[in-house]
Amino acid sequence: MPSPEPHTTIHIPGTTSHTIAPRTGHRSDEGTLRYLKAGTGAPVLLLHTVRTQAEHFRSLIPLISDQYTVYALDLPGMGYSEIVPGASYDEPAMRAGVKRLLNELDLHDVTLVGESMGAVLALTTAAELPERVRRVVAVNTYDFPGGIARSSLLARVVVTGVLTPGVGPVIAGVEPKPALRRILQGGLGDKAALRADYVDELLQVGSRPGYPTVARAVYQSLPSLIAARSRYPEIKAPVHLVYGEKDWSRPSDRQANKELLPAADFTQVPGAGHFIALERPDILADLLKAVA
């Protein structure tokens with residue numbers, strides 16, 4: 001049954017909000033997961049980026065919900081999914097959340113579409129659940145050293161501070177709106193693609209009790225995202241790698257993934273940065289519709 005919609009600043013027409021409860025007798029750090037659902041047709045699961053949530057796909061969902069049943073997950077501890085004290089936010093733990101959704105809803109022939117951290121999780125989930133995954137669209141995989149710290153000097157200073165022992169938790173709990181806006185704009189070729197109500201939504205979520213701990217843990221998990229590349233050669237489903245021309249990844253990072261996934265299709269989006277779902281949702285929608 002749909003759950004009461006969290007008090008979001010964003011409404012996506014045609015979507016309903018749902019939750020998946022923790023499984024009894026399973027890991028004590030499992031929390032309730034929240035996801036959005038829209039449309040009809042074959043299933044697509046959207047997996048968001050570092051420090052964002054299901055609403056990251058607000059512009060993509062209406063473009064594909066006439067052809068797909070779209071699910072957009074709030075990854076564990078993020079968005080409006082439950083924050084469980086002491087939970088891990090490394091790649092295997094976040095992947096476990098993705099697997100819970102696929103298994104609990106018993107989804108098959110799923111197209112996994114992930115951006116950034118979500119792209120890594122889409123690829124590793126496909127490696128682990130080949131019987132459920134039809135194909136993967138991996139957008140700007142966040143699986144290289146540095147990550148968001150390559151975005152700008154401000155991002156580098158903030159992320160370095162968040163990871164610093166002692167003061168890190170304090171810095172993670174202080175998130176001025178202008179700083180968040182500038183860091184996110186560092187992932188965009190078109191700065192105007194960052195809408196004000198989306199920044200407000202992220203700040204609202206960032207004020208949840210315990211969220212600074214989650215934010216810090218996610219940044220600390222980058223080595224596990226890099227390590228997850230070892231799973232890529234196991235993937236049996238077709239893969240499409242999508243990169244923004246101005247993504248934080250370097251040509252060498254992209255080439256390394258092409259070598260791990262030699263059969264993958266490859267698209268580079270001219271002028272786009274890291275957040276293609278914000279900048280060019282039409283490109284992703286066209287790609288999904290072309291291969292439906």
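1. The secondary structure of this protein comes to twelve helices and eight strands. Helices (H or I, at least four residues) and strands (E, at least two) are DSSP runs, numbered from the N terminus. The model is predicted: local features need pLDDT of at least 70, side-chain atom pairs count only at pLDDT 80 or more, and totals for chains, interfaces and linings use all residues. Residues are numbered from 1 along each chain as its sequence is written, and side-chain values use heavy atoms, with hydrogens and water left out.

2. Overall figures come next. Of the 292 residues in the protein, 57% are buried. Buried means under 20% relative accessible area, exposed over 50%, partly exposed in between (1.4 Å probe, protein chains only). The accessible surface comes to about 11700 Å². Carbon and sulfur atoms hold 56% of that surface. Areas come from the Shrake-Rupley method with a 1.4 Å probe; for residues, only the protein chains shown count as cover.

3. Take contacts between residues at least 6 apart in sequence: 74% of them join residues at least 24 apart. Contact means heavy atoms within 4.5 Å.

4. Two strands pair if DSSP finds at least two bridges between them.

5. Strand β5 (residues 110-115) and strand β6 (residues 133-139) run parallel, joined by six bridges. Val110 stands opposite Val133 in β6. Axes are lines fitted to C-alpha atoms, for helices over the stretch in contact; angles run from 0 to 180 degrees between N-to-C directions.

6. Strand β7 (residues 239-244) pairs with strand β8 (residues 265-269) in the parallel sense, over five bridges. With helix α10 (residues 251-260), β7 and β8 make a right-handed β-α-β unit. Right-handed here means that, with the strands pointing away from the viewer, the path from the first strand over the helix to the second runs clockwise.

7. His240 is found in β7 and stands opposite Asp265 in β8. Why does His240 count as buried? Because its relative accessibility is 14%. Beyond its neighbours within four places in sequence, His240 contacts Val136, Val137, Ala138, Asp265, Phe266, Thr267 and Leu287.

8. Arg132 sits in the loop between α3 (117-128) and β6. Its relative accessibility is 11%, so Arg132 counts as buried. Leaving aside neighbours within four places in sequence, the contacts of Arg132 include Leu102, Asn103, Asp106 and Val110.

9. Helix α8 (residues 211-220) is mostly covered, with seven of its ten residues buried. Among them are Tyr211, Arg216 and Tyr219.

10. Helix α6 (residues 177-185) and helix α7 (residues 196-206) pack at about 120°, their axes 10 Å apart. Lys177, Leu180 and Leu184 in α6 meet Val199, Asp200, Leu202 and Leu203 in α7.
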